Amino acid sequence: MKNNIRITVQVVPLPQHTNPSESKYVFAYTITINNEGEIGMQLLSRHWVIQDETGYIEEVTGRGVVGEQPHLLPGESFEYTSGSVIKTQTGTMKGEYNMINDAGEHFDVDIPEFVLSEPYTLQ
């Protein structure tokens with residue numbers, strides 16, 4: 001495929017920053033973006049949908065990721081770590097990256113939903 005991007009996510013709870021008495025649960029997530037396509041591409045912006053157990057949804061949009069707009073040639077990858085704070089013990093995140101390939105074509109890459117959770121809190 002021409003625009004073939006693979007997204008992988010790893011979530012790590014940050015108990016040292018979490019404070020249940022203040023309904024503050026903090027997680028780090030590391031995302032790896034792999035260009036498995038046939039053409040170079042650049043990440044322009046992101047859109048996140050973050051939901052906690054109560055159903056509260058926060059949407060986050062912005063330019064690039066962690067202050068960068070990485071350009072990936074075929075076979076290259078970009079990894080970054082960021083964080084999220086939610087008000088409940090578990091939640092979810094999903095979203096998309098808006099990208100442009102070296103032919104000037106804009107396209108979106110879905111970020112599959114992943115779970116923010118302390119270990120063993122899901123039943």
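Let's start with Phe-107, which touches Asn-3, Ile-5, Met-41, Tyr-97, Asn-98, Met-99, Ile-100 and Asn-101, leaving out residues up to four places away in sequence. By touching, or contact, I mean heavy atoms within 4.5 Å. A quick word on where this comes from: it's a predicted model, where local features need pLDDT of at least 70 and side-chain atom pairs count only at pLDDT 80 or more, while totals for chains, interfaces and linings use all residues. Residues are numbered from 1 along each chain as its sequence is written, and side-chain values use heavy atoms, with hydrogens and water left out.

Back to Phe-107, which is found in strand β8. Helices (H or I, at least four residues) and strands (E, at least two) are DSSP runs, numbered from the N terminus. Phe-107 is buried, at 14% relative accessible area. For the record, buried is under 20% relative accessible area, exposed is over 50%, and partly exposed is in between, with a 1.4 Å probe and protein chains only. Now compare Phe-107 with Ser-23: they're 84 residues apart in sequence and 37 Å apart in space, C-alpha to C-alpha.

Ser-23 itself sits in the loop between β1 and β2. What is the phi of Ser-23? It's positive, about 50°, although Ser-23 is not a glycine. At 38% relative accessibility, Ser-23 counts as partly exposed. Val-66 is another residue other than glycine with a positive phi, near 40°. You'll find Val-66 in the loop between β4 (57–63) and β5 (71–72), and at 43% relative accessibility Val-66 is partly exposed.

Thr-18 is in the loop between β1 (5–13) and β2 (25–35). Is Thr-18 buried or exposed? Buried, with a relative accessible area of 16%. Its side chain reaches the backbone nitrogen of Val-26 at 3.0 Å. That's a polar contact: a pair of N or O atoms within 3.5 Å, where within protein one must be able to donate a hydrogen and the other to accept it, and residues adjacent in sequence count only if both atoms are side-chain atoms. Setting aside neighbours within four places in sequence, Thr-18 is in contact with Lys-24, Tyr-25, Val-26 and Glu-118.

That takes us into β2. Here 11 of the 11 residues are buried, so β2 is largely enclosed by the rest of the structure. In a regular strand the side chains alternate between the two faces of the sheet. In β2, Tyr-25, Phe-27, Tyr-29, Ile-31, Ile-33 and Asn-35 point one way, and Val-26, Ala-28, Thr-30, Thr-32 and Asn-34 point the other way.

Who are the partners? Strands pair if DSSP finds at least two bridges between them. β1 and β2 pair antiparallel over nine bridges, and Val-11 has Tyr-29 in β2 as its bridge partner. β2 also runs antiparallel to strand β6 (residues 77–86), joined by 10 bridges, with Tyr-25 standing opposite Ile-86 in β6.

Tyr-29 turns up again in the rings: ring pairs link Tyr-29, Trp-48, Tyr-97 and Phe-114 into a cluster. The rule is that rings of Phe, Tyr and Trp (its six-membered ring) pair if their centres lie within 6.5 Å; planes under 30 degrees apart count as stacked, over 60 as edge-to-face, and the rest as tilted. By this rule there are five aromatic pairs. One of them is Trp-48 with Phe-114, edge-to-face, 5.9 Å centre to centre and 90° between the planes. This pair links distant parts of the chain, with Trp-48 in strand β3 (residues 41–52) and Phe-114 in strand β8 (residues 106–117), 66 residues apart. Both Trp-48 and Phe-114 are buried.

Phe-114 is also among the residues touched by Thr-92, and Thr-92 is in strand β7 (residues 90–101).

Last, charges. How many salt bridges are there? One, counting a side-chain nitrogen of Lys or Arg within 4 Å of a carboxyl oxygen of Asp or Glu. The side chains of Arg-6 and Glu-36 meet there at 2.5 Å, N to O. They link distant parts of the chain, with Arg-6 in strand β1 and Glu-36 in the loop between β2 and β3, 30 residues apart. Arg-6 is partly exposed at 41% relative accessible area, and Glu-36 is partly exposed at 38% relative accessibility.
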